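Please open the model in a viewer and keep the sequence panel at hand.

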Amino acid sequence: NGALKWISDRGIAQRDASGNVIRMAGSESDITERKRIEQALCDSQADLNRAQSVGQIGSWRLNIQCNKLHWSDESYRIHGIPAGTPLTYETFLSVVHPDDRAYVERMWEAALRGAPYDIEHRLVVNGAVKWVRERAELEFDGQVRLLGGFGTVQDITGLKHAEQALIEADRRKDEFLAMLAHEL
């Protein structure tokens, strides 16, 4: 009917002593639906990556049983680490601002004991300081052993700069009012 289909062909050739093909047997399967689902999954992943980029929010997933840590593309970008770089806790800590490392480690240790993990701290990326907000939800078994976790990291540098600008404007206003009161 003119519609495109994906077909998976598998076969084997039987040869004679001279190497000539004398018989072939095989099968073919219609894999159109599988290919449609694979494309939908790729499209969905691309949409998620774009949404994370627009929102400057990366995500990560930790699976203890498989010993795997997966970062989204946006998480790599926020941390200034090339995508695909093998990840360890030390890799992450290497970009945390030196003045914030002890705090981050202390809060992570508390999260490993069941405390909420929702923190703001600085990173040093290519010599520039960035502010991030990190949140995580860790998963434990019945014996309180860590199974894994899921988290987000959001670049809040712009918000922190705006907050500092408001604090500075408020300080200048107070100074002006104090001077005005003194003059009056």
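Helices (H or I, at least four residues) and strands (E, at least two) are DSSP runs, numbered from the N terminus, and the expected span of a helix is 1.5 Å times one less than its number of residues. The model is predicted: local features need pLDDT of at least 70, side-chain atom pairs count only at pLDDT 80 or more, and totals for chains, interfaces and linings use all residues. Residues are numbered from 1 along each chain as its sequence is written, and side-chain values use heavy atoms, without hydrogens or water.

**Colour by confidence.** pLDDT is the predictor's confidence in each residue, from 0 to 100. Its mean over the protein is 89, and 100% of the residues reach 70 or more. Confidence is lowest in α5, at a mean of 82, and highest in strand β5 (residues 117-125), at 96.

**Select residues 32-55.** This is helix α1, whose 24 residues reach 35 Å from first to last C-alpha, close to the expected 34 Å. Just after α1, Q56 adopts a positive phi of about 50°. Within the helix, show K35 and E38, which lie three residues apart, about one turn. They form a salt bridge (a side-chain nitrogen of Lys or Arg within 4 Å of a carboxyl oxygen of Asp or Glu), with the closest N and O atoms 3.7 Å apart.

**Select H121.** This residue lies in strand β5. Is H121 buried or exposed? H121 counts as buried, because its relative accessibility is 0%; buried means under 20% relative accessible area, exposed over 50%, and partly exposed in between (1.4 Å probe, protein chains only). Its side chain makes a polar contact with that of E134 at 3.3 Å. Such a contact is a pair of N or O atoms within 3.5 Å; within protein, one must be able to donate a hydrogen and the other to accept it, and residues adjacent in sequence count only if both atoms are side-chain atoms.

**Select residues 157-183.** Helix α5 spans this range and includes M179. Show K160 and E163 in α5, three residues apart, whose side chains meet in a salt bridge of 3.7 Å, N to O. K160 is buried at 15% relative accessibility, whereas E163 is partly exposed at 39%. Next, show R171 and E175: their closest N and O atoms are 2.2 Å apart in a salt bridge, and the two residues are separated by about one helical turn, because they are four residues apart in α5. Salt bridges with shared partners join E168, R171, R172 and E175 into one network.
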